[in-house]
Every structure is written in C-alpha cells, then in structure tokens.
Amino acid sequence: MDLPVKFPSETEVILEDVARFRALSPAERMLAIRGLLADVFFDE
C-alpha cells in the first residue's frame, strides 16, 4: 500500500536530533544534557 504521507526512518530522526544538538552553543548543550539527566533521575 502506498501511503500519501512519508514517515521518517529512525535513522533520519536521529540524524536530525544530532544536527540540532550540534548547532547549540556549549552552554545550551549543557542545559540540554542537564534536562535529560533531570528527566531520568526525577521521573516519578
């Protein structure tokens, strides 16, 4: 079946996330990492 909507592959999504992370300044990168760690440690 040929769907009219194309969903990105997992690889495409990861590459977009990597590009977005690399475009951040060092301070913004640290905030992003801290946010991830906070989500992991304080997830209820």
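L37 lies in helix α2 of the predicted model. With a relative accessibility of 44%, L37 counts as partly exposed, because this value falls between the limits of 20% and 50%. L37 also belongs to a nonpolar patch on the surface, together with F21, M30, I33, V40, F41 and F42. The accessible area of this patch is about 760 Å² in total. Helix α2 supplies the largest share of the patch, namely five residues.

Helix α2 covers residues 26-41.

F42, another member of the nonpolar patch, is placed in the segment after α2. F42 has a relative accessibility of 67% and is therefore classed as exposed, the limit for this class being over 50%. Between F42 and S25, which are 17 residues apart along the chain, the C-alpha separation is 25 Å.

The protein chain as a whole contains two helices and zero strands. Its C-alpha atoms fill a box of roughly 45 × 30 × 15 Å along the principal axes. The accessible surface of the chain amounts to about 4500 Å², and carbon and sulfur atoms account for 64% of this surface.

Helix α1 is formed by residues 10-22. I14 is found in this helix and is partly exposed, with a relative accessible area of 46%. I14 and L24 are ten residues apart along the chain, and their C-alpha atoms are separated by 16 Å. D17 is likewise placed in helix α1. Its relative accessible area is 40%, so D17 counts as partly exposed. From D17 to A38, 21 residues away in sequence, the C-alpha to C-alpha distance is 19 Å.

Charged side chains were examined next. The protein chain carries 5 positive and 9 negative side chains, and the centres of these two sets lie 10 Å apart. Side chains of opposite charge can pair when their charged atoms come close. Two salt bridges were counted in the model, with a limit of 4 Å between the side-chain nitrogen and the carboxyl oxygen.

One of the salt bridges joins the side chains of D17 and R20, with an N to O distance of 2.5 Å. D17 and R20 both lie in helix α1 and are three residues apart, about one turn of the helix. The other salt bridge is formed by the side chains of K6 and E12, at an N to O distance of 3.5 Å. K6 has a relative accessibility of 65% and so counts as exposed. For E12 the relative accessibility is 33%, and this residue therefore counts as partly exposed.

Definitions and conventions: Residues are numbered from 1 along each chain as its sequence is written. This is a predicted model: local features need pLDDT of at least 70, side-chain atom pairs count only at pLDDT 80 or more; totals for chains, interfaces and linings use all residues. Side-chain values use heavy atoms; hydrogens and water are left out. Helices (H or I, at least four residues) and strands (E, at least two) are DSSP runs, numbered from the N terminus. Accessible areas come from the Shrake-Rupley method with a 1.4 Å probe; for residues, only the protein chains shown count as cover. Lys and Arg count as positive and Asp and Glu as negative; His and the chain ends are not counted. The place of a charge is taken as NZ of Lys, CZ of Arg, CG of Asp or CD of Glu. Buried means under 20% relative accessible area, exposed over 50%, partly exposed in between (1.4 Å probe, protein chains only). Patches are made of residues with over 30% relative accessible area and no salt bridge: like charges are joined within 9 Å, nonpolar side chains (Val, Leu, Ile, Met, Phe, Trp, Tyr) within 5 Å.
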